[in-house]
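Hi there,

Here is the structure I promised to pass on. Have a look at it first, and then read my notes below.

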Amino acid sequence: MNLTQYISLVDTMARMSLKADASRYFFGYIWWVLEPLLYVLVFYVVFELILQNRKEDFLVFLMVGKLTFIWFTKSVNQSARSIVNSGGLISKANVSKTLFPLATVQEGLYKQLSVFLLLLVVLLGNGYAITSAWVWLIPLVVVNYIVIVACSLVSAFLVSMVFDFIVMVSLGTIFLLFVSGIFWDPRDLADPAATDLILLLNPLAFVIDAYRQILMAGVAPDAWHLLGIGAGFGLLALGMVLVLRRSSQFIALKVLTS
Amino acid sequence: MSADGLQAAAVPVEDSRRVMLELRNVSHSFHARKDSFEHGVHKVLDGVSLKVMEGETLGIIGRNGAGKTTMLRLMAGIFAPTSGEILRHPGANCSLLSLGLGFQPQLSGRDNALLSAMLRGYSRREAEACLEDIREFSELGQSFDEPVKTYSSGMNARLGFTTALLTKVDILLIDEVLSVGDAQFRQKAEEAMRDRISGGRTAVFVSHAEGQVKKLCGRVIWIEDGLVRAEGDPEQVLRQYRPPPAPAAGGGSPPRPGSGPPGHRG
């Protein structure tokens, strides 16, 4: 199978999975937008209405953070199970094990496109204007996608080797929810050095902050920092592709016998 | 190296036909599940050696759990052997003819056929070009565009078998796929399968059905307890192998089949 066929297969698997998924629900494709909105609503009720958050324009701030964070967590959590859930197919054909997490990530990307559209409507409806800084959304979305691909490949590999890692993946995404500035702003910290440290150590916090900087403040992100995250996670993704290819038959044995 | 990473070296020629696939002293084992209280290693194949010649249909028989399916998975490159070598003729690819590859019950027969064909290595365009033929052969009519979850088991099997026929390989590995659908479709399936493997194609065929093995195979291997128990002419090997009687109610280990020659390692 050549690269074009492989990409076409990943795309077809993702589209078919979306179709199958939508057919299970009464509201079908509406859930692509409805589910993230309900997540935002839950956070809004807790932090704005109950905890009386004082942050200006908190709803938009929360939506930008939460809607981009959900893209990451859902993709990584679903990819984590993607290989072990494909035992039927793995038992019948010597297929590349990268197919399963990558098709899951692609599925998440297609859903996220409609979420980004919703975000655009919310931003424009709340008086935010499209500025020249929005051009930075292109490299930012690409880097965000690379981060998701790399983390999805790592989680899918670990869970296929030892299923217990599924607990760690789930806990890890909850940990990231609290430390990535979804419902709080790293820039509001009293010590600017602490802000810099969080944005440096947590790539997801940097990416979410970059979305807010571009969309809400009209400010371009630190290009070198963005490039560094893209390159680092790009290398991790390539390394994981090699690991999954080299251990393809061992993964099949683990999935089918444990 | 072959595409799937298995070693593929030039195989020596021993008769007029080329050796397409060779297992050399292949053993396969895995660690049993911990929750089954079997902490030890489960040995499936133990030093098996065999050759598959170009254009022949090799039959593999043996009781359930004898290691037939594992052997096909090793040949297909799904598993790597724990020890030993699997050699293929350079450039020859090898895969399982499997029913319902990648099928999802929520999707229509058409979508499943498309996905299944692409998983077998077809490009999207090639897969789309096959869809009408699949609809016709599987006799699904308008149901082809309805979700597979609404199909009867016979319809499901017809779609599964028809998409399985798309497999394009040099060495076809067939695992119990001919018992599909009703009697009329079964006959059609058998004919289609005979056409596929009579045209000089190399095939390995696993079945419990003696009639099918006799009709389709030129040579038969009997696998028992991970060892090759007998090998040769289908009539002769099938005579040695007798399927075990159904186990009596209340369990107990099934009796050993047949009274064949002592086990040898390939």
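In what sense do strand 5 of chain B and strand 6 of chain B pair, and over how many bridges? They pair in the parallel sense, over four bridges. Before I go on, please keep in mind that this is a predicted model.

**The sheet in chain B**

Those two strands belong to an open sheet of six strands in chain B, ordered 5-6-7-3-8-9, and the pairing in the sheet is mixed. At its edges sit strand 5 (94–97) and strand 9 (227–232) of chain B, each of which pairs on one side only. Going from one strand to the next, the twist averages 20°.

On one strand, B:Ser95 stands opposite B:Leu172, and in strand 7 of chain B, B:Leu172 has B:Ala203 opposite. For B:Leu173, the bridge partner in strand 7 of chain B is B:Val204. Strand 6 of chain B is also mostly covered, with four of its five residues buried.

**The helix that packs on it**

Helix 5 of chain B packs on this sheet, where it touches strand 3 (57–61), strand 5, strand 6 and strand 7 of chain B. The direction of the helix makes about 150° with that of strand 6 of chain B. Helix 5 of chain B takes in residues 183–198, which is 16 residues, and spans 22 Å from its first C-alpha to its last, close to the 22 Å expected at 1.5 Å a residue.

Which residues of helix 5 of chain B are buried? They are B:Phe185, B:Ala189, B:Glu190, B:Ala192, B:Met193, B:Arg196 and B:Ile197. Seen down the helix axis, these buried residues of helix 5 of chain B fall within an arc of 165°, so they line one face of the helix. After helix 5 of chain B comes B:Gly200, with a positive phi near 80°.

**Two loop residues with positive phi**

In chain A, A:Asp57 has a positive phi near 55°. You will find A:Asp57 in the loop between helix 2 (31–50) and helix 3 (58–82) of chain A. Its relative accessibility is 31%, so A:Asp57 counts as partly exposed.

In chain B, B:Glu139 has a positive phi near 55°, and its place is the loop between helix 3 (124–138) and helix 4 (153–164) of chain B. B:Glu139 is partly exposed, because its relative accessible area is 38%.

**Cysteines**

How many disulfides does the structure hold over all chains? The count is zero. Two cysteines to look at are A:Cys151 and B:Cys217. A:Cys151 counts as buried because its relative accessibility is 19%, where the cut-off is under 20%. B:Cys217 is buried too, with a relative accessible area of 7%.

Enjoy exploring,
and write back with any questions.

Terms used
Residues numbered from 1 in each chain as written. Chains lettered and ligands numbered in written order. Predicted model: local features only at pLDDT ≥ 70, side-chain atom pairs only at ≥ 80, totals over all residues. Heavy atoms only, no water. Expected span 1.5 Å × (residues − 1). Buried < 20%, exposed > 50% of the residue type's maximum accessible area, 1.4 Å probe, protein only. Arc of directions from axis to C-beta. Disulfide = S-S within 2.5 Å. Pairing = 2+ DSSP bridges. Axes fitted to C-alpha atoms, helices over the stretch in contact; angles between N-to-C directions. Contact = heavy atoms within 4.5 Å.
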